[in-house]
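Hi,

Here is the structure I promised to pass on. Have a look at it first, and my notes on what turned up follow below.

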Amino acid sequence: MANTATIEIGGQKHEFPLVEGTENEVAIDIKSLRAATNGFITLDSGYKNTGSCESAITFLDGEKGILRYRGYSIEELAEKAHFLEVAYLLIFGELPTAEQLDKFHADIKTHSVVDDDVKKILDAFPKAAHPMGVLSSLTSALTAFNPDSVNVDSEEDMYNAIVRLLGKLPILVAWTMRKKKGLPLYYGDSSLGYVENILKMMFKQPNEERYIQNPILVNALDKLLILHADHEQNCSTSTVRITGSSHAGLFASISAGISALWGPLHGGANQAVLEMLEAIKADDGDTKKYMAKAKDKSDPFRLMGFGHRVYKNFDPRARIIKKAADEVLGDLGVVDPILDIAKGLEQEALIDDYFVQRKLYPNVDFYSGIIYRAMGIPTEMFTVMFALGRLPGWIAQWREMRLRKEPIGRPRQLYVGATERPFLPIAER
């Protein structure tokens, strides 16, 4: 392969270097395009063909259904690692030793207390407020309680900011749900593991002396958090990086990522799945009718939770979490018509020629919604749980961007508005 690409404009040829990644991905380096061509730019709405950075964190091949964190397959990590190990891997580049992991967890616990004044901010929100709006606001508010800027040239400063955020965000997540449910706020139990503590903070009832952990739920949540921990340069991750490129702090950058994740085309997809299932239930629960509507191009109905814009085959995360979903439903023995509809859609889609030929298989959002529903997590909280899982990936991306001293993000545009025109006094308009 040649090591340059040639672009011809107006009879003039311009050469640009090719850059190859470690997985043989190739990019055309066009950073000198405007200067070399006297102002020409590329136009790529949605940045689907544009690499915004070089990154050593996550490799994704949608055509082959491959997802790896720092070189480790998602299948192996989900089977053999715990969430905190994966978080350490993503952020610092290597799996931790036992000593490193113990210290990491202990340091997170040290910061697992939120200033009591944050409760006053939470109290100001009505119960009807969407949990993602609440979480984004509370995360941004943490900046006020931690005003010192992070010195990115200091490993100690960077590390302390990271464990502080990993310690405090689960509290905000649990408080957001407990506020929604009208339960008293709870700080958790420092004797528990990271994921076990999250479950206890969310579900412990005020009238029970002990909260009994269900190992199947712990395992399912641990896997869900691992599967959501990073996913290359998606909308929210790119938002974190471009916000951080202005040298905005870690909390502010993560708050921006939470807001980007909120949308139904991104993190809100698992909430959209449950809303779709509710709509089907309200219409007599006829799954065959809605499968037919999904195949009718003239029908505006869209079957949520099937297929993926990146994976052109089976979502590798869905293969893993489907097993966990089956275990959760089997253990809890939940009787829920919504979950029955979900299982019906899954079974039909896996054998229907239309869906099989187009590789429109159930994705991770479909199964995560089922698990969260079975666990008793309100639908509006699903995207908040996604944010909790994505936190180490966002931190890793922010840290990498700052350590690489990447320039401030500043995309170009192709202007299509009015050309220069004179100002008319208001009486003449």
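**The second largest pocket**

Lining the second largest pocket are 17 residues, and those nearest its centre are His-82, Phe-83, Val-195, Glu-196 and Asp-222. Keep in mind while you look around that this is a predicted model. The volume of this pocket comes out at about 270 Å³.

Where does the lining come from? At least two residues each are supplied by helix H2 (74-80), helix H3 (83-92), helix H4 (98-110), helix H8 (194-203) and helix H9 (215-227). H9 gives the most, with 4 residues. Sorted by class, the lining has 8 nonpolar, 5 charged and 4 polar residues.

**Aromatic rings**

On to the rings: the count comes to 13 aromatic pairs. One of them is Phe-92 with Tyr-159, a tilted pair at 6.0 Å centre to centre and with 35 degrees between the planes. This pair links distant parts of the chain, since Phe-92 belongs to helix H3 and Tyr-159 to helix H7 (residues 155-181), 67 residues apart.

Finally, have a look at the strands. Strand S1 (residues 4-9) pairs with strand S2 (residues 12-20) in the antiparallel sense, over 6 bridges. Within that pairing, Thr-4 has Pro-17 in S2 as its bridge partner. The two strands form a hairpin with 2 residues between them, and Gly-10 in the turn has a positive phi of about 60 degrees.

S2 also runs antiparallel to strand S3 (residues 26-28), to which 3 bridges join it. Here Leu-18 stands opposite Ile-28 in S3. S2 and S3 form a hairpin too, with 5 residues between them, and in its turn Asn-24 has a positive phi of about 70 degrees.

Cheers

Technical notes: Residues are numbered from 1 along each chain as its sequence is written. This is a predicted model: local features need pLDDT of at least 70, side-chain atom pairs count only at pLDDT 80 or more; totals for chains, interfaces and linings use all residues. Side-chain values use heavy atoms; hydrogens and water are left out. On a 1 Å grid over the protein atoms alone, a cavity is a set of points where a 1.4 Å probe fits but cannot get out, and a pocket is an open set with protein on both sides within 12 Å along at least five of seven lines; lining residues have an atom within 4 Å of a point. Grid points are joined across faces, edges and corners, and a volume is the space filled by probe spheres set on the points. Ala, Val, Leu, Ile, Met, Phe, Trp, Tyr, Cys and Pro count as nonpolar, Asp, Glu, Lys and Arg as charged, and the others, Gly among them, as polar. Rings of Phe, Tyr and Trp (its six-membered ring) pair if their centres lie within 6.5 Å; planes under 30 degrees apart count as stacked, over 60 as edge-to-face and the rest as tilted. Two strands pair if DSSP finds at least two bridges between them.
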